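This report walks through one protein model residue by residue and then steps back to the whole chain. Keep the viewer open while reading.

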Amino acid sequence: MRIGVIGAGVMGSGIAQTCAQAGYETVGFDTSAEAVERAGELVRTGRYGFDRAVARGKIERGDADAALERLAFTTDLDAAAQAGLVIECVPEDLALKLSVFRDLDARAPADAILASNTSGFPLAAIAGVTSRPERVVVWHWESPPPVMRFAEIVRTPETGDAAIERVCEVARACGKNPVVVNDSPMHWGFVANRIYAAMLREAGAVVGEGVASHEEINQLMVDCFNWPVGPFAMVKGASSGWKE
């Protein structure tokens with residue numbers, strides 16, 4: 001199956017990289033030629049790119065090169081939309097996402113599944129602007145996509161079982177652990193981000209009370225709960241990328 005990824009930022013480039021490594025022909029799209037060039041660099045030489053993975057013994061050089069052969073980034077939207085699964089990964093702006101899904105609905109094959117990587121906008125709203133609500137899902141990834149096993153798959157009562165099963169199949173092929181949950185249009189965040197937001201509110205209160213600094217809270221949470229990073233570091237990494 002061919003996979004299209006719409007948006008080539010930190011998340012989009014990582015999602016495209018992961019899909020290509022799983023064996024899927026993958027096309028990543030962005031409106032910006034600069035973003036397309038940067039995405040190519042990230043998947044090759046970034047902290048979680050193929051070169052580092054080879055150096056750490058996570059993947060063989062031949063497998064990395066084969067994955068790169070399956071992966072392309074482009075400014076041609078139709079090239080990414082002509083796929084069996086299209087994953088939207090544009091900024092968290094509901095109006096923008098709705099516009100993208102209207103466009104994808106018109107461009108993608110009639111039997112294509114359209115997936116949004118939204119962190120919490122209602123699936124019902126996104127699917128509602130298409131002519132194929134039974135084939136629209138949320139596949140919420142976490143940063144960095146090549147590493148995190150998280151796969152929050154969201155459905156509504158209209159979502160078809162076949163679409164859910166297909167997305168879960170692709171997620172497992174990508175090394176993820178898909179968990180299917182229900183849409184919650186009265187709340188932002190589905191499961192993971194609703195709980196994470198509550199944790200961030202409390203962490204912010206701790207800082208505001210002068211109990212501990214951002215850095216101290218990050219370290220305490222890593223040491224206590226074996227998190228890979230602390231709550232404030234997670235926000236920074238998800239928004240601006242993972243540095244050395």
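Glu-88 lies in strand E4, residues 85-88. Strands (E, at least two residues) and helices (H or I, at least four) are DSSP runs, numbered from the N terminus. The model is predicted: local features need pLDDT of at least 70, side-chain atom pairs count only at pLDDT 80 or more, and totals for chains, interfaces and linings use all residues. Residues are numbered from 1 along each chain as its sequence is written, and side-chain values use heavy atoms, with hydrogens and water left out.

Is Glu-88 buried or exposed? Glu-88 counts as buried because its relative accessibility is 0%. Buried means under 20% relative accessible area, exposed means over 50%, and partly exposed is in between (1.4 Å probe, protein chains only).

Which side chains does the Glu-88 side chain meet in polar contacts? One is Lys-97, at 2.4 Å. Another is Ser-116, also with a contact of 2.4 Å. A polar contact is a pair of N or O atoms within 3.5 Å; within protein, one must be able to donate a hydrogen and the other to accept it, and residues adjacent in sequence count only if both atoms are side-chain atoms.

Contact here means heavy atoms within 4.5 Å.

**The loop between E8 and H9**

Strand E8 covers 177-182 and helix H9 covers 192-208; His-187 is found in the loop between them.

His-187 is partly exposed, because its relative accessible area is 41%. Its contacts are Gly-120 and Arg-194, not counting residues up to four places away in sequence. Gly-120 is 67 residues from His-187 in sequence, yet the C-alpha atoms are 8.0 Å apart.

Gly-189 counts as buried, at 0% relative accessibility. Gly-189 touches Ser-119, Gly-120, Glu-152 and Arg-194, again not counting residues up to four places away in sequence. Glu-142 is 47 residues away from Gly-189 in sequence and 13 Å away in space, C-alpha to C-alpha.

Phe-190 is buried too, with 4% relative accessibility. Its backbone stands out: phi is positive, about 55°, although Phe-190 is not a glycine.

**Other backbone features**

Asn-226 is another non-glycine residue with a positive phi, about 60°. It sits in the loop between helix H10 (214-225) and helix H11 (231-240). Asn-226 is exposed, with a relative accessible area of 68%.

Where is Pro-144? It lies in the loop between strand E6 (136-140) and strand E7 (150-155). The peptide bond joining Ser-143 and Pro-144 is cis, with omega about 0°.

**Helix H1**

Gln-21 is in helix H1, residues 10-21. At 39% relative accessibility, Gln-21 counts as partly exposed. Gln-21 touches Phe-50, Ile-59, Ala-67 and Arg-70, not counting residues up to four places away in sequence. Ser-213 is 192 residues from Gln-21 in sequence; their C-alpha atoms are 39 Å apart.

The C-alpha separations can be set side by side.

| Pair | Sequence separation | C-alpha distance |
|---|---|---|
| His-187 and Gly-120 | 67 residues | 8.0 Å |
| Gly-189 and Glu-142 | 47 residues | 13 Å |
| Gln-21 and Ser-213 | 192 residues | 39 Å |

**The whole chain**

The protein chain has 11 helices and 8 strands. Along its principal axes, the C-alpha trace spans about 55 × 45 × 30 Å. Why does the radius of gyration agree with a compact globule? With 244 residues, such a globule would have a radius near 18 Å, and the chain has 18 Å. The radius is taken over C-alpha atoms, and the globule rule is 2.2 Å times the number of residues to the power 0.38.

Of the 244 residues, 47% count as buried. Among contacts between residues at least 6 apart in sequence, 65% join residues at least 24 apart. The chain exposes about 11,700 Å², with carbon and sulfur atoms supplying 53% of it. Accessible areas come from the Shrake-Rupley method with a 1.4 Å probe; for residues, only the protein chains shown count as cover.
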